[in-house]
Amino acid sequence: MITQRMILEGYRNGIVRLIDSPNRDGTVCQIGDEWFYFGGEAAEGVTPEEYKKAVPEDGIVDEIYFVLKDFLSSGGEFLESYEKCEKVLTEKKNLGFYSGPVITRRIDDLGRIVVPREFRKALRIREGDLMELTVVKGSPSILITKIAEDEASELEMFVREFEGVPGHSVETERAKEQMLEIIRKYKEACND
């Protein structure tokens with residue numbers, strides 16, 4: 001059974017998407033390969049961006065949920081669409097897109113966001129730990145990954161080997177900078 005929570009998490013993770021109607025008459029909801037009208041007149045004749053500005057997130061989730069609930073009770077072709085959407089939401093959940101509670105935080109005026117205590121405790125994140133941020137392609141999401149201490153230490157030690165060596169020179173500094181550039185490019189390649 002599809003819940004409002006599943007829709008909310010799917011919406012936030014890009015599994016539940018708002019797209020331009022294939023019939024070019026407004027905004028529709030897409031879950032997997034299924035797309036359907038929702039939102040009534042508010043979604044007609046507007047782009048997904050305009051609709052998102054006009055309707056709060058919880059309103060969007062409610063509209064989608066009630067349409068899917070109607071699909072479930074209608075049977076026939078609508079029931080088939082409901083089951084396909086349910087399968088997509090359930091598969092994504094089982095693949096690990098959702099692994100715990102969803103906590104909403106505001107970004108402050110400096111662009112910072114507080115990682116909730118429960119998350120820091122579960123992942124053993126401490127002050128000063130190295131974190132990697134990546135934009136998830138095709139999704140309005142940012143993936144935050146804790147860099148293993150041994151991996152971060154190895155990289156830092158590799159570069160810092162040049163420091164404190166007798167005969168330390170400008171050439172050593174250039175080599176150090178080149179190594180840092182190589183490491184940066186390596187990390188970028190790993191993210192692609």
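A residue counts as buried under 20% relative accessible area, as exposed over 50%, and as partly exposed in between. Glu-57 has a relative accessible area of 30% and is therefore partly exposed. The model described here is predicted.

Glu-57 and Arg-12 form a salt bridge through their side chains, with an N to O distance of 2.8 Å. This pair links distant parts of the chain, since Glu-57 lies in helix α3 and Arg-12 in helix α1, 45 residues apart. Arg-12, with a relative accessible area of 25%, is likewise partly exposed.

## Overall architecture

The protein contains seven helices and five strands. Along the sequence, these elements follow the pattern α-β-β-β-α-α-α-α-β-β-α-α. Of its 192 residues, 28% count as buried.

## Helix α1 and its packing against α3

Helix α1 spans residues 4-12 and helix α3 spans residues 57-74. The two helices pack at an angle of about 125°, and their axes are 9 Å apart. That angle makes α1 oblique to α3. The crossing of α1 and α3 is right-handed.

Within α1, the buried residues include Met-6, Ile-7, Leu-8, Glu-9, Gly-10 and Tyr-11. Just after α1, Gly-14 adopts a positive phi of about 85°.

## The loop between β1 and β2

A positive phi also occurs at Arg-24, a residue other than glycine, where the value is near 55°. Arg-24 is located in the loop that runs between β1 (16-20) and β2 (27-31). With a relative accessibility of 79%, Arg-24 counts as exposed.

Side chains of opposite charge can pair when their charged atoms come close. The structure holds five salt bridges. One of the pairings is between the side chains of Glu-34 and Lys-84, at an N to O distance of 3.5 Å. Glu-34 belongs to strand β3 (residues 34-37) and Lys-84 to helix α4 (residues 76-97), so this pair ties together parts that are 50 residues apart in sequence. The two partners fall into separate accessibility classes: Glu-34 counts as buried at 16% relative accessibility, whereas Lys-84 is partly exposed with a relative accessible area of 41%. Salt bridges with shared partners join Glu-34, Glu-80 and Lys-84 into one network.

Tyr-82 is also found in helix α4. At 4% relative accessibility, Tyr-82 counts as buried. The C-alpha atom of Tyr-82 is separated by 8.9 Å from that of Glu-34, although the two residues are 48 residues apart along the chain.

A further salt bridge is formed by the side chains of Asp-108 and Arg-112, with an N to O distance of 2.8 Å. Asp-108 is partly exposed, its relative accessible area being 29%.

## The nonpolar patch on β4 and β5

Leu-133, Val-135, Ile-142 and Ile-144 make a nonpolar surface patch of about 420 Å². The elements that each contribute two or more residues to this patch are β4 (131-136) and β5 (141-146). Ile-142 is situated in strand β5. Its relative accessibility is 57%, and Ile-142 therefore counts as exposed.

Leu-123 is found in helix α5, which covers residues 117-123. At 51% relative accessibility, Leu-123 counts as exposed, the cut-off for that class being over 50%. Leu-123 and Thr-145 are 22 residues apart along the chain, and their C-alpha atoms are separated by 9.7 Å.

Note on methods: Residues are numbered from 1 along each chain as its sequence is written. This is a predicted model: local features need pLDDT of at least 70, side-chain atom pairs count only at pLDDT 80 or more; totals for chains, interfaces and linings use all residues. Side-chain values use heavy atoms; hydrogens and water are left out. Patches are made of residues with over 30% relative accessible area and no salt bridge: like charges are joined within 9 Å, nonpolar side chains (Val, Leu, Ile, Met, Phe, Trp, Tyr) within 5 Å. Accessible areas come from the Shrake-Rupley method with a 1.4 Å probe; for residues, only the protein chains shown count as cover. A salt bridge is a side-chain nitrogen of Lys or Arg within 4 Å of a carboxyl oxygen of Asp or Glu. Helices (H or I, at least four residues) and strands (E, at least two) are DSSP runs, numbered from the N terminus. Buried means under 20% relative accessible area, exposed over 50%, partly exposed in between (1.4 Å probe, protein chains only). Axes are lines fitted to C-alpha atoms, for helices over the stretch in contact, and angles run from 0 to 180 degrees between N-to-C directions. Angles under 35 degrees count as roughly parallel, over 145 as roughly antiparallel, 65 to 115 as roughly perpendicular and the rest as oblique. A crossing is left-handed if the near helix is turned anticlockwise from the far one by less than a right angle, and right-handed if clockwise.
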